[in-house]
Amino acid sequence: MKKGKVDALLGIVFGDEGKGKVVDVFTPRYDVVARFAGGPNAGHTIIFDGKKFVLRSIPSGIFDEGKLNVIGNGCVIAPDLFMAEAKELEAAGYDLRSRLHISKRAHLILPTHRVLDRAYEAAKGKNAVGTTGKGIGPTYSEKAARTGLRVGDILENFEAKYAALKARHEQQLRDLHYTDYDITEEEQRWLEGINYMRQFQLTDTEAELNRMLNEGKNILAEGAQGTMLDIDHGTYPFVSSSSTTTGGVCTGLGIAPNRIGEVFGIFKAYSTRVGAGPFPVELFDETGDKIREIGHEYGAVTGRNRRCGWIDLVALKYAIMVNGVTQLIMMKSDVLDGFETIRACVAYQKDGVTTTDMPYDTEGWQAVYKDIKGWQTDLSAITSAADFPEAFRNYIDYLEAELHTPITIVSVGPDREQTIIRQHVS
Ligand code: IMP
């Protein structure tokens with residue numbers, strides 16, 4: 001690992017790749033863990049000391065004493081949800097106030113942003129995105145419209161700024177004829193959350209991070225969502241509203257591109273997607289149900305069923321290109337243990353046209369598959385890559401050859417010990 005670098009750890013498909021677990025394994029190597037995009041739409045599950053935590057806005061390095069955790073300028077933050085998340089961690093004995101810095105430039109999610117999220121979804125009808133309902137889209141839209149409130153705003157004359165923006169939102173909701181909502185209790189908790197946040201270190205994290213890099217410290221940029229949900233590179237308009245890719249690491253933390261070191265791309269041995277939008281590899285049969293059941297593929301934030309399908313090499317190749325992925329991490333390989341045959345999507349086909357490049361509009365494309373022999377062996381007890389069954393080794397070799405990128409870590413179960421390092425690259 002080079003000194004003074006930012007390594008990125010990114011979900012490279014539709015999110016839910018299991019970033020939480022890997023960050024937990026990675027954090028000992030870094031001085032700082034920073035979130036650069038998204039907000040409480042994320043749900044990074046971490047099992048720690050026998051307890052399970054679902055982190056939404058707080059970086060996964062929070063459990064390690066002596067590490068700085070940063071919520072960067074590219075993030076959006078909901079004070080009430082932040083308070084609930086932080087209090088749970090504080091109750092479990094973790095000292096957040098010394099370990100967490102929040103960028104003054106990060107944007108605030110208002111209760112009315114969440115109502116607007118619901119209103120826009122309702123207005124879209126059958127074209128609804130299937131958002132997490134956390135107000136993510138309306139908050140990033142507000143940021144782009146240059147009318148948003150930032151974390152730094154809570155330090156001075158906040159009440160007046162809040163009242164003015166809330167009034168504007170109420171007018172927008174009336175214009176949308178969306179008036180059947182009541183945020184009284186939610187708003188009270190939100191305002192409590194604002195007061196609570198004032199007790200934290202709200203700082204210019206961009207300068208702090210660069211200072212630390214100059215001192216030779218290393219930063220892990222913890223991604224949220226996935227490349228195919230990126231506002232520019234995902235399956236627009238069925239995407240989230242932030243930059244979830246390596247480019248987003250730079251803008252979302254205020255660091256220069258030449259500071260980026262390794263880019264770790266996380267994917268699952270199969271595919272999942274939550275919410276609406278194109279998903280050419282989706283399985284509507286019992287195979288899809290079987291993957292969902294074995295893989296526990298239900299949303300960490302919304303509890304929704306995740307849509308399941310085979311691995312998609314078209315999407316992975318595209319994501320590797322866009323992010324400059326240097327190492328791949330394959331999660332949940334053990335979920336496919338019982339399958340005689342495994343399939344990999346190698347191309348998309350529509351109206352007699354076949355492509356291996358990610359098309360502009362992924363709607364209506366059918367997956368073209370290659371069949372691969374399954375390993376039909378329990379991987380979950382394996383502790384060394386040398387003990388992988390031959391058919392599983394062949395699967396890995398095939399993916400590496402197709403993706404032109406080494407798979408350096410393979411996960412074979414939810415526990416930390418079930419993370420197998422195949423080769424040390426950095
Ligand atoms: P939003 O981010 O709440 O606006 O949702 C936009 C789309 O991204 C929806 O399809 C969500 O299901 C999806 N999405 C947002 N966050 C996550 C995540 O952390 N994992 C998986 N899907 C997500």
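Q: What makes W375, F388, F392 and Y395 a cluster?
A: In this predicted model, ring pairs link these four residues together.

Q: Why is the pair of W375 and Y395 called tilted?
A: Look at the angle: the planes sit at 40°. Stacked needs under 30 degrees and edge-to-face needs over 60, so anything else counts as tilted. The ring centres are 5.5 Å apart, and the cut-off for a pair is within 6.5 Å. So W375 and Y395 are a pair, and a tilted one.

Q: What parts of the chain does that pair tie together?
A: W375 lies in the loop between β18 and α12, while Y395 is in helix α12 itself, so the pair joins parts 20 residues apart in sequence. Both residues are buried, too.

Q: Why is the pair of F26 and F264 called edge-to-face?
A: Here the planes are 85° apart, and over 60 counts as edge-to-face. The centres, at 4.8 Å, also meet the pairing limit of within 6.5 Å. F26 belongs to helix α1 and F264 to strand β11, so this pair ties together parts that are 238 residues apart in sequence.

Q: How do you know that F26 is buried?
A: Buried means under 20% relative accessible area, and F26 has 2%. F264 passes as well, with 1%.

Q: What makes us say that the charged end of R29 sits over the ring of F26?
A: The distance is one part of it: R29's charged end is 5.3 Å from the ring centre, and the limit is within 6 Å.

Q: Why is the contact between D80 and R114 called a salt bridge?
A: Nitrogen and oxygen are 2.5 Å apart, and the rule asks for within 4 Å. So D80 and R114 qualify. D80 is in helix α2 and R114 in helix α4, 34 residues apart.

Q: How do you know whether E142 and R168 are buried or partly exposed?
A: E142 has 7%, so E142 is buried. R168 has 37%, so R168 is partly exposed. The two side chains meet in a salt bridge, at 2.8 Å from N to O.

Q: How do you know that K166 counts as buried?
A: K166 has 18% relative accessibility, and the cut-off is under 20%, so K166 is buried. K166 forms a salt bridge with E187, and E187 is buried as well, at 14%.

Definitions and conventions:
Residues numbered from 1 in each chain as written. Predicted model: local features only at pLDDT ≥ 70, side-chain atom pairs only at ≥ 80, totals over all residues. Heavy atoms only, no water. Phe/Tyr/Trp six-rings, centres within 6.5 Å; stacked < 30°, edge-to-face > 60°. Helix = DSSP H or I, 4+ residues; strand = E, 2+ residues; numbered from the N terminus. Buried < 20%, exposed > 50% of the residue type's maximum accessible area, 1.4 Å probe, protein only. Lys NZ or Arg CZ within 6 Å of the ring centre and 35° of its normal.
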